[in-house]
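Hi everyone, thanks for coming.

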There are 2 protein chains.
Amino acid sequence: MQVKNFSRQSWRSILKWGDPNYFNPPKKRLVEYMKENLGVTDEDISSPHLPGLDKVKADKKPGLDEKTLKAIKDMVGEENVDISDYERVRHSVGYTYIDIVKLRLEDIKSLVDCVVYPRDENDVVKILDFCNKNKIAVIPFGGRSGVSRGLEPMKGGISLDLTRHMNKVIGVNEVNMSATVQPGIFGPDYEEYLNNYKTPYSPTGYTCGHFPQSFEYSTVGGWVVTRGAGSLSTGYGKIEDMVLGLRFATPKGMIVIKDYPRAATGPDLRHIIIGSEGALGVLTEVTLKIWRFRPSNRVMFSFLFKDWDNTVTCMREIMQGEFGVPHMFRISDAEETSIAFMVEGITNTPIDKILEKRGYVDGKRCLMLAATEGDRDRGKLIKKKAKALAKKHGAISLGSIAVKGWYKHRYADPYLREDLMDMKVMTDTLETSCTWDNIMNVWSGMREVVKARPNSISMIHASHAYENGANLYVIFISRIKPGDEVDDYLEFQSAIIDAIIKNGGSLSHHHGVGKMLAPWYEDYVGKTSMELLRAIKEQLDPNNIMNPGGTLALDFKGKKGKPLPVK
Amino acid sequence: MQVKNFSRQSWRSILKWGDPNYFNPPKKRLVEYMKENLGVTDEDISSPHLPGLDKVKADKKPGLDEKTLKAIKDMVGEENVDISDYERVRHSVGYTYIDIVKLRLEDIKSLVDCVVYPRDENDVVKILDFCNKNKIAVIPFGGRSGVSRGLEPMKGGISLDLTRHMNKVIGVNEVNMSATVQPGIFGPDYEEYLNNYKTPYSPTGYTCGHFPQSFEYSTVGGWVVTRGAGSLSTGYGKIEDMVLGLRFATPKGMIVIKDYPRAATGPDLRHIIIGSEGALGVLTEVTLKIWRFRPSNRVMFSFLFKDWDNTVTCMREIMQGEFGVPHMFRISDAEETSIAFMVEGITNTPIDKILEKRGYVDGKRCLMLAATEGDRDRGKLIKKKAKALAKKHGAISLGSIAVKGWYKHRYADPYLREDLMDMKVMTDTLETSCTWDNIMNVWSGMREVVKARPNSISMIHASHAYENGANLYVIFISRIKPGDEVDDYLEFQSAIIDAIIKNGGSLSHHHGVGKMLAPWYEDYVGKTSMELLRAIKEQLDPNNIMNPGGTLALDFKGKKGKPLPVK
């Protein structure tokens, strides 16, 4: 039974992803598949597990005294301070799997004390100054779409919500092909503004080029401080390739970096701020690259390969071909391909039988999807060259339909999670990056751990590619252990993280570290680097008010390689 | 009279650029031009000014006691320690204009105490440890091609010369399209190794993609720690785009960064090390991107525009066209174009008269040169698209001859300097970067200052372009004031730097900061950033042994906006 009705004040309203009125229940074929393969029962389907339908109630009162609250209200205006149970809970979680479980259990002990909506940079500076003097924790808050325990308030304090006021496009500079925006603007608002910015130089408007799966409910500031990527980043670049200039408020003052195209003026401090995950300060303004918006120029193509080896090798050869790279570029391993074919109703059709006969066998065959944006002639050239390489690797062309479908539904998948969890099905993701010479090790290492768990699905894809390597993204689906939701999950997740590290994958490609991966972080970056990061933290935030309690392991007090306790 | 004969032990042998046996005297037309426009006399030509022909003699004895020297020799081997006058002087200068003047005056007071040639990373670690304990300055030394007073030993100490032993290619990984090298390898050795690395995947070998004008006499380590660029960087990327992984020895331990293609794991410390200019530690190993070497695939094209405005706008539109960008991409302003045409003997020929008639008038017309590497079809597409844009801006196509000439002579220009200085002609360069909407301001600001000096030439080009801006590179030529070589020059140079800053240009695009631009650096980066950089320095190098005395203004004690005293 799908949960569609729930109160706006319920835990459910917080744990549900995205648009409150949009639902993406699993297709019938997927439900049947889960019944067969994961042991999902009719009862699991008819009676939602931990649906979180009660009204939100905070576990404790705000920890700030009246005088402090008054001082904050005086600074930013009474209407911009909220200490309601609902907002305090909502601002204390992201979309980390663990967050969702806690919301379903209706039990959250790590809470911010109050929510503050700064009106402008000046408010941010005042709040940081005040909190620094009074040693109150500050957690910058954007779209709340993070999946790395980034927002978890280990020491209470203030959630600094930038989305209410600091959500404007400050200016578009089409001579420089850049836009300057405030951090609290959501993806669609930013993109819509650019799309509508129609001029003789670009009669069809502009595009931001950054489209994470969380696009609809993530903010530009969040993209930057997590060092994120979008689904078109192979072409447009990851967020660190787009940031030209910025303004960043720290407890020790403003860092302002101008939008020079490039410079040879010592260390590039942009790269300290990008990925700082709220632990060094608050982004107050950012200047980003933009591009012409010309969706009709898209060139889309896809291929089916006989096996994963050829798929990976072909992706690599395209990335290394020096003829240009697609903007969107994805490959799916055999299990992900198999499930996609099954869900789309292709498996066992006459077409499927022809494919099987020609050697594209279910369980071995793998999909590659690609699309170029920008100049159409460039796109056509890339398609032609890619096709030749795909053919060399035994692939068959599948045309553009699958890519069109991907564009259409690219933000829909996260909506599936609440339905699956209602059915006692755990679904989560981990992601990493690695060099091409190591991709098979990392892939099989991750997969092995997921498949070692009974009744599990492991779907792995690479959705971002580079000359020297790619990311790997695993979607793992398995059964929830009722009554043991948290520990069972953490144990499973830790084993996958261990496998990634052991096989030489990076700790994250675009999700970020947060408090989730902090226990692995220190060994990952090494002693001298960790000490340097802590010195940077100490310099900018000497009282450790910025997102304290484990972020980036800057003040890590847990056990290495073991998840931080969940409260 | 050209100075061709000089002793290997002379000051001249140090101040002469590059290959001791190669000379590039000014062409006759240029000499005539300088006679007419700069007032160069026959006597200036016949009697070289301050030729530096005497035998090098150090101003003072090495400042390290016997015990210290013995300890160093015990660490690295006696044969790897040199305290000769000649090597101490040679290791105390780069190719900064001021360095050359000091060498010509045969008077250098800032000297290192000894030169050490570490055999491997282990030697570097031992030396840093020893020097840290004993508070002895250490200046990493590569190709000595820097032009920003980067090597000037303000506090004596050890010159750590990486070119004798730490000059190997450690490995080529063609699956990842990367190479791992030691920092002391010179450009040509690295490139030759890659060119000869012929395999089925690239039967014509590989290329490093990084070709600064100093290529022949600069090292990979120098490229990285100065945050340099090469003449093909518009296509291959600046050095910070090429560095994948590295090993970096600091007084506080090793920083090791793996060659993941990308990661979202907090601040990216590569960007602290790139551009650290010897002030934070010593690069001991670096993994860089490589590409297939396919010179026969080059697509070359050039255009002549009627004015600078159209040239700049067309360059911008090509960079923003999203059809791909050339690897080499240069535009010359009217004065540079005029002098190029004059030197090449085109001015006043019948062809020139036709050009003039068609509106391409000397003193207004401007050159654009471009070349693509890599895939030839991509190159052809870019050429076609660029041609259409150039035509729109009133340009005429000049074919590929000028570009071929550029490729052939691209490393020759620096050889001209010693001949001009012999004739009492000062020639030097400054460079900056800026956004497209500001490029005309920066260009005219720089030019105005140069042209305000009597008898001066100002040749400005943009040789690196980006979506949002470009660099500007000014070659200024004027008369030396005999007897006032240093102060007269510094006053002139300071005025140009001031103009760059005032008009919103970056302090450097690829030369780096060194001690030369340090007096402008603090105001340039801002207070909070400067404090952060100093905290980073304090963390990695608490005793300030790494290239001390002003580098990146980390321990700056001079007067802001005024050059550091020249000793």
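Let's start with two helices in chain A. Helix α19(A), residues 439-452, packs against helix α20(A), residues 485-502, at an angle of about 160°, and their axes are 8 Å apart. Angles over 145 degrees count as roughly antiparallel, so that is how α19(A) runs relative to α20(A). As for handedness, the two helices cross in the right-handed sense. Before we go on, please keep in mind that this is a predicted model.

Which residues meet where these helices pack? From α19(A) we have Val442(A), Gly445(A), Met446(A), Glu448(A), Val449(A) and Val450(A). Facing them from α20(A) are Ala495(A), Ile496(A), Ala499(A), Ile500(A) and Lys502(A).

Staying with chain A for a moment, let me mention its domains. The chain is divided into domain 1, covering 11-161, and domain 2, covering 295-410. Between the C-alpha centres of these two domains of chain A there are 38 Å.

Now over to chain B, and to its strands. A quick reminder: strands of a sheet pair through backbone hydrogen bonds, either parallel or antiparallel.

Have a look at the open sheet of seven strands in chain B, with the order β15-β12-β14-β13-β17-β18-β16 and antiparallel pairing. Which strands stand at its edges? They are β15 (396-397) and β16 (425-435) of chain B; each has a single partner strand, so one side of each is left without a neighbour in the sheet.

Further inside that order, β13(B), residues 328-332, and β17(B), residues 457-462, pair in the antiparallel sense over two bridges.

In chain B, helix α19 (residues 439-452) lies across β16, β17 and β18, and runs at about 5° to β18(B), which covers 469-479.

My last stop is strand β10(B), residues 282-289. Is this strand mostly covered or mostly open? Mostly covered: eight of its eight residues are buried.

With β6(B), residues 178-181, the pairing is antiparallel and spans four bridges; here Ser178(B) has Lys289(B) as its bridge partner. With β8(B), residues 243-250, the pairing is again antiparallel, over six bridges, and Val243(B) is partnered by Leu288(B).

That's my tour, so please zoom in and explore.

How values were computed:
Residues numbered from 1 in each chain as written. Chains lettered and ligands numbered in written order. Predicted model: local features only at pLDDT ≥ 70, side-chain atom pairs only at ≥ 80, totals over all residues. Domains from an automatic or database assignment. Buried ≥ 20, exposed ≤ 12 C-beta atoms within 10 Å, placed from the backbone. Pairing = 2+ DSSP bridges. Axes fitted to C-alpha atoms, helices over the stretch in contact; angles between N-to-C directions. Parallel < 35°, antiparallel > 145°, perpendicular 65-115°, else oblique. Left-handed = near helix turned anticlockwise from the far one by under 90°. Contact = placed C-beta atoms within 7 Å.
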